[in-house]
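Reader: Could you walk me through this model and the terms you use for it?
Author: Gladly; here it is.

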Amino acid sequence: MKEYIVSARKYRPMSFDSVVGQSALTTTLKNAVKSGKLAHAYLFCGPRGVGKTTCARIFAKAINCQHPTEEGEACNECESCNAFNEQRSYNIFELDAASNNSVENIKALMEQTRIPPQIGKYKVFIIDEVHMLSTAAFNAFLKTLEEPPAHVIFILATTEKHKILPTIISRCQIYDFERMTVPNIINHLKMVAEKEGITYEEDALNVIAEKADGGMRDALSVFDQAASFCQGNITYNKVIEDLNVLDTENYFNIIDLCLENKVSDVMVLLNSVINKGFDGGNLISGLAVHVRNVLMAKDEQTLPLLEVSQRQVERYKEQAKKCSSDFLYKALKAMNECDINYRQSNNKRLLVELTLIEIAQITQPEDDGSASGHGPKRLKTLFKRLLDVQSSTAQQVAVAEPTVARHTLASKHKDGDSNNNAYTQSGDNGTKSPTNVSEQASKPSVAPPLRGLKLGNIGKSFANLRKKTEAPKEAIEDEIEVKDDSANKRFTEEDLNREWLSMCNRMPREMTGMASRMKNMQPKTLDYPNIEVVVDNQIIYEDISKIKGRIRNTLAISLKNTDITLSFRIARPEEVKKILTNKERFEELKENNKAFEKLSDMLGLEIS
């Protein structure tokens with residue numbers, strides 16, 4: 001049986017012209033060979049599987065070729081080329097820096113640079129994965145790299161250029177290799193398939209090219225896998241089955257159903273996708289890429305940004321004609337928010353379902369009938385109007401009665417009558433007295449308030465925010481602090497810490513990140529009832545200052561004391577403490593408590 005060689009090795013380029021997708025770099029290297037203007041050190045960097053080591057070998061062979069062609073290619077006929085092809089050349093050395101990264105390995109390599117070549121002009125040293133060298137090895141290599149012998153050329157290859165010392169980079173000619181484009185990968189796979197006698201569908205090769213993510217070696221490996229599964233006939237359906245890739249037809253169907261506001265059909269389609277074993281987060285990510293491609297297909301100028309087959313381009317253009325730009329923008333925003341919140345969500349499927357429902361309602365008319373079945377959108381509009389009126393009313397009261405500390409506003413409308421009564425409560429004796437509001441309504445800057453709307457006696461807290469179905473962004477900004485002299489219950493440090501933690505746990509979902517950071521803070525009462533909170537850095541300080549009023553109001557309600565004041569300051573360097581992991585806390589507890597240490601040893605307690 002003939003020995004099988006994987007396609008990535010069997011079809012590895014042997015000349016500059018056969019290198020795929022790096023025409024600018026290969027042209028530069030060929031010109032250097034033709035002119036004889038060779039640098040003493042080259043650095044090839046770029047993602048995996050794009051031809052760095054392959055180009056280094058081709059370049060090394062061309063440098064030592066005794067009869068190079070007019071295009072700068074190796075002749076493949078001279079003794080130097082034959083020795084290289086048969087892997088017996090003594091002029092070209094390859095070193096894997098991942099496994100030979102010590103000072104001794106570099107010193108041994110430097111010893112070989114002293115010996116001139118026996119055949120050819122140069123000794124070429126190819127060091128692969130050079131970023132894996134230790135700092136000491138880099139320093140040992142530095143002097144030789146700066147002033148090597150005239151017969152020595154170094155070619156360094158790496159996938160992580162940022163890990164190489166700047167002193168090394170400054171002594172090299174740098175060549176940045178690009179990711180392979182999908183069309184380039186497809187064309188190369190077609191060539192391999194024809195040479196191997198394998199039939200294929202272009203859509204199947206497109207899936208393989210997208211799966212490779214810009215790496216030709218990865219594409220050839222996936223191609224071999226698909227060819228084995230399909231038994232020489234690579235079809236689209238077999239490839240997506242073998243690679244466990246979601247069919248793009250699902251994305252086209254979801255967008256079509258969302259345009260028609262068919263929420264039920266979208267939910268059924270989502271259920272079928274999840275039942276096939278696909279994750280909801282992957283569906284949202286794939287759908288976001290699909291919507292982005294549809295958006296690019298709306299303009300001829302952005303069509304080159306679609307890295308898909310020509311058949312797929314036509315399908316995207318066809319769907320782009322149905323979708324408005326506003327729909328695509330809002331859909332992308334909704335999916336981006338879902339992607340951000342997906343990992344920390346406890347009910348991931350519900351989050352995906354709500355996102356798809358929101359997308360399906362984008363094109364829904366605002367003034368649907370009561371029996372249209374689109375209640376949530378009308379409810380959202382109702383809440384928006386309620387919040388607008390509430391904000392407007394609060395401003396009216398602030399203008400009309402700037403000296404009142406606590407107020408409750410009510411209004412009544414009967415048969416167009418504007419006789420409105422309100423009550424104001426004094427902070428001294430708690431008595432109530434009716435006040436005529438008609439005088440306020442006569443002022444140009446004040447409009448009649450909404451019937452039944454009341455302003456809380458302590459300002460906005462986090463509890464108010466959680467009660468809203470959908471609050472505008474302004475709702476989480478800083479609020480005016482309102483004081484109630486009748487509530488001044490004394491509290492302790494223990495009460496303060498307990499209510500602070502409880503407040504963090506009750507904060508709305510959109511403020512989860514801020515709540516997590518606040519749990520690591522410890523408020524202190526320096527001068528009762530003045531509370532001080534120390535934050536770690538300027539960024540957190542700016543973020544938490546925006547909701548300072550809401551934090552103060554929430555604590556005032558919880559502690560039943562509205563005399564408290566709240567201040568924040570940035571921690572001094574000596575106050576910044578390292579945040580311990582659970583294991584580090586466990587070890588610290590054992591160290592400080594001998595009884596606990598003895599108990600944990602007896603029970604064999606440990607935290608992994």
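Reader: What makes Phe-223 and its neighbours contacts?
Author: Contact means heavy atoms within 4.5 Å, and Phe-223 touches Ser-7, Leu-189, Val-192, Ala-193, Ile-198, Leu-205, Ile-208 and Ile-234, leaving out residues up to four places away in sequence. This is a predicted model, where local features need pLDDT of at least 70, side-chain atom pairs count only at pLDDT 80 or more, and totals for chains, interfaces and linings use all residues. Residues are numbered from 1 along each chain as its sequence is written, and side-chain values use heavy atoms, with hydrogens and water left out.

Reader: Which residues touch the most other members of the largest nonpolar core?
Author: Among its 57 residues, they are Phe-44, Phe-59, Ile-155, Ile-185, Ile-208, Phe-223 and Val-239. Such a core is a set of buried Ala, Val, Leu, Ile, Met, Phe, Trp, Tyr and Cys residues joined through side-chain atoms within 4.5 Å. A second, separate core has 41 residues, including Ile-254 and Phe-327.

Reader: Why do you say that the buried residues of helix 11 line one face?
Author: Tyr-236, Val-239, Ile-240 and Leu-243 are buried there, and down the axis the buried residues fall within an arc of 95 degrees, so they line one face. The arc is that of the directions from the helix axis to the C-beta atoms. On the other side, Asn-237 and Glu-241 are exposed.

Reader: Why is Leu-599 called partly exposed?
Author: Buried means under 20% relative accessible area, exposed over 50%, partly exposed in between (1.4 Å probe, protein chains only). Leu-599 has 41% relative accessibility, so it counts as partly exposed.

Terms used: Helices (H or I, at least four residues) and strands (E, at least two) are DSSP runs, numbered from the N terminus.
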